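Subject: Structure handover

Hello,

Please find the structure below, followed by notes on what was found in it.

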Amino acid sequence: MPESKRIVVVTGGSRGIGRAVCLRFARDDARIIFVHYDPDDLKANETLELLDKMGAEAQAEKLDVSSFEAVEEFFREVVREFGRVDVLVNNAGITRDTLLMRMSAEQWDEVLTVNLRSVFNCTKAVMRSMIKERGGRIINISSLVGQIGNSGQANYAASKAGILGFTKSVAKELATRDITVNAVAPGFIDTEMTEKLPAKAKEAFLAQIPMGRIGRPDEVAEAVYWLASEGATYITGQVIHVNGGLYM
Ligand SMILES: NC(=O)c1ccc[n+]([C@@H]2O[C@H](COP(=O)([O-])OP(=O)(O)OC[C@H]3O[C@@H](n4cnc5c(N)ncnc54)[C@H](O)[C@@H]3O)[C@@H](O)[C@H]2O)c1
């Protein structure tokens with residue numbers, strides 16, 4: 001029997017924005033499959049518990065999305081088990097911040113591989129199934145920094161700008177198949193990623209946000225959810241900014 005619920009795959013779903021995305025989709029009758037690459041399963045299990053409390057069918061796997069082979073194998077399994085993937089949210093991401101003067105080639109490669117190559121890996125792995133099903137939604141999490149740059153984040157900004165070029169190109173390639181490909185560019189959102197920022201950097205960001213506050217993961221999740229909804233059938237290749245007015 002083919003699964004009747006929407007099959008939603010979220011990368012980096014153990015915490016932060018990815019967790020909020022899983023929880024938002026779980027409010028519908030969707031099947032949530034998320035991956036993470038935390039050293040332990042603590043946060044992933046917390047997300048699974050929250051999803052379980054909502055009555056959602058969910059499962060999690062530890063998977064390095066930067067590995068082409070591992071990602072291919074993972075999606076082959078998902079399609080074998082559930083028949084297809086309806087929604088892919090490419091959310092996994094990391095930072096290795098430092099000024100370019102001090103940035104090693106390893107720090108550059110690590111961020112580009114986890115943040116950008118992963119989007120290539122996962123999109124390639126689902127597109128055949130989506131083409132076969134004649135429909136699908138792909139939402140890539142970019143960043144404000146991919147558009148305006150940030151000192152100390154040349155690697156991260158390049159990866160997030162790369163996601164935008166990728167999104168628009170693939171949106172054109174898949175448009176006739178009724179597969180939409182869009183990006184969400186969050187500003188400054190309250191997660192473990194931004195917890196690490198020095199207090200001074202946080203204050204400087206905050207001072208520039210017209211809405212005068214840091215964003216919440218669920219506020220990003222709403223935009224992601226909407227792009228995968230019936231309300232967004234004619235929207236592709238777009239970038240939705242969720243940043244409290246920090247960049248217009
Ligand atoms: N927090 C912000 O202010 C902000 C702003 C703009 C964009 N973003 C982007 O949003 C996304 C989520 O950020 P967050 O703040 O929730 O981060 P986070 O650090 O709280 O969570 C990151 C998630 O990605 C997963 N991950 C990391 N490396 C992985 C890998 N190799 N394979 C699989 N999963 C991996 C982690 O396990 C975790 O689930 C990222 O792409 C980030 O760049 C965040």
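In the second largest pocket, α4 supplies the largest share of the lining, 8 residues. A pocket here is an open set of points on a 1 Å grid over the protein atoms alone, where a 1.4 Å probe fits, with protein on both sides within 12 Å along at least five of seven lines; lining residues have an atom within 4 Å of a point. Helices (H or I, at least four residues) and strands (E, at least two) are DSSP runs, numbered from the N terminus.

This is a predicted model: local features need pLDDT of at least 70 and side-chain atom pairs count only at pLDDT 80 or more, while totals for chains, interfaces and linings use all residues. Residues are numbered from 1 along each chain as its sequence is written, and side-chain values use heavy atoms, with hydrogens and water left out.

The volume of the second largest pocket is about 400 Å³, taken as the space filled by probe spheres set on the points, which are joined across faces, edges and corners. Its lining has 14 residues, and Glu-72, Lys-124, Ala-125, Arg-128 and Ser-129 are the closest to the centre. Two or more lining residues come from each of α3 (68-82) and α4 (105-133). By class, the lining has 6 nonpolar, 2 polar and 6 charged residues. Ala, Val, Leu, Ile, Met, Phe, Trp, Tyr, Cys and Pro count as nonpolar, Asp, Glu, Lys and Arg as charged, and the others, Gly among them, as polar.

Now the ligand. It is surrounded by 30 residues, the closest being Ser-14, Asp-38, Asn-91, Tyr-156 and Thr-191; a residue counts if one of its heavy atoms lies within 4 Å. This shell divides into 13 nonpolar, 12 polar and 5 charged residues. A side-chain N or O atom of Thr-191 is 2.4 Å from a ligand oxygen, and a polar side-chain atom of Lys-160 is 2.8 Å from an oxygen atom of the ligand. A backbone N or O atom of Val-65 lies 3.0 Å from a ligand nitrogen. Polar contacts are pairs of N or O atoms within 3.5 Å. Of the 830 Å² of accessible area that the ligand has on its own, the protein covers 96% (Shrake-Rupley method, 1.4 Å probe).

Regards

Technical notes:
Polar contact = N/O pair within 3.5 Å; in protein donor to acceptor, adjacent residues only side chain to side chain.
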